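Colleague: Hi, I'm new to this one. Can you put it up and talk me through it?

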Amino acid sequence: MKTCAQITELLSESQDRPMSFAEAFAARTHLMMCGGCRTYKKQLTFLREAMRAYAGGRPDKKNPDTSGPDFRA
Amino acid sequence: MVDLTDDTFLQDLRRQMLRFATVQLSDSHLAEDVVQEALVGALKGTQAFRGQAALKTWVFAILKNKIADALRQKHRAGEARALLHEDGESEDFSDAFRPNGHWQPVSRPAAWSHPQEALDQTQFWRVFELCLDQLPVKQGRAFMMREFIEMSTEEICLEMDVSLTNLNVLLHRARMRLRECLNIKWFQVGMSR
């Protein structure tokens, strides 16, 4: 059974590489029972979204060409 | 085709390049020089770009090379030490967890209210930049390479000369710290706004 400290590390790595089956399973079972880590995961997703918006210029409806996802090479 | 007389776009691009270069080089004067060189280099080309996003990718590719050159020169000049100051790098957030590895009650993440709305607020982006600036040097470099120009972890390991395990630690700590900073400086403040 993984701890919250280990799960936060795993959640970070899951943004940089695919998780193995065992890791994904460990994360899922932990998240089912742990509201703190569920919230942490959501907030990590938000951080990435915010960084993409920031890198691509702020979301600007008049000028969608500068919005985040287009920046991917 | 990109309109290069579009001042807002160019100013925005320049600001983003400066931010990236400053984090990478820890030297704002050198960053200015490198960004200037990269922009001149990029705009000299007669290439037509399909859009601002394509131009941006191109300009950042040039910028990365200029930064790599500048870093190599710094190393040669023996200034590498200056880049390695370790303020806060070793904080491992173990105090966020109890000895059994579960969240301390005070550190346990609480839901943020209306995070999407924050993205439309100028004030939020000021706080966001402040929090990015407060990342320790190595964590900031790793995080900006990963999230700002979306380099792969392999590329970043080569660029920073660290192992994948080390890089994972740097990125994890950067994310922990950035989350915590936004939590304290924006979302908790927001509750009393």
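**A first look**

Modeller: Chain B has 9 helices and 0 strands. Helices (H or I, at least four residues) and strands (E, at least two) here are DSSP runs, numbered from the N terminus. This is a predicted model: local features need pLDDT of at least 70, side-chain atom pairs count only at pLDDT 80 or more, and totals for chains, interfaces and linings use all residues. Residues are numbered from 1 along each chain as its sequence is written, while chains are lettered from A and ligands numbered from 1 in the order in which they are written.

Colleague: What pattern does chain B follow along the sequence?

Modeller: It reads α-α-α-α-α-α-α-α-α.

Colleague: And what share of chain B counts as buried?

Modeller: 31% of its 193 residues. Buried means 20 or more other C-beta atoms within 10 Å of a residue's own, exposed means 12 or fewer, and partly exposed is in between, with C-beta atoms placed from the backbone.

Colleague: Which domains does the assignment give for chain B?

Modeller: Domain 1 (7-81) and domain 2 (87-191); such bounds come from an automatic or database domain assignment. Their C-alpha centres lie 24 Å apart.

Colleague: How many residues of domain 1 of chain B are in contact with domain 2 of chain B?

Modeller: 6 residues of domain 1, meeting 6 of domain 2. Contact is when the C-beta atoms of two residues, placed from the backbone, lie within 7 Å. On the domain 1 side, helix 1 of chain B gives the most, with 3 residues. By class, that side divides into 3 nonpolar, 2 polar and 1 charged. Ala, Val, Leu, Ile, Met, Phe, Trp, Tyr, Cys and Pro count as nonpolar, Asp, Glu, Lys and Arg as charged, and the others, Gly among them, as polar.

Colleague: OK, new topic. How many residues are in the largest nonpolar core?

Modeller: 51 residues. A nonpolar core is a set of buried Ala, Val, Leu, Ile, Met, Phe, Trp, Tyr and Cys residues joined through C-beta atoms within 7 Å. Among those with the most contacts inside the core are B:Phe20, B:Ala21 and B:Ala142. Elements giving two or more residues to this core include helix 1 (4-13) and helix 3 (35-55) of chain A, and helix 7 of chain B.

Colleague: Where does that core lie relative to domain 1 and domain 2 of chain B?

Modeller: Both domains give residues to this core, so it lies between them.

Colleague: What does B:Ala21 touch?

Modeller: B:Ala31, B:Val34, B:Val35, B:Leu63 and B:Ile67, not counting residues up to four places away in sequence.

Colleague: Now the two chains. How many residues of chain A are in contact with chain B?

Modeller: 32 residues of chain A, with 34 residues of chain B. Helix 3 of chain A gives the most to the chain A side, with 13 residues. That side has 14 nonpolar, 9 polar and 9 charged residues.

Colleague: Back to helix 7 of chain B: which residues there meet helix 8 of chain B?

Modeller: B:Arg141, B:Ala142, B:Met145 and B:Arg146 meet B:Ile156, B:Glu159 and B:Met160 in helix 8. This contact has 4 nonpolar, no polar and 3 charged residues.
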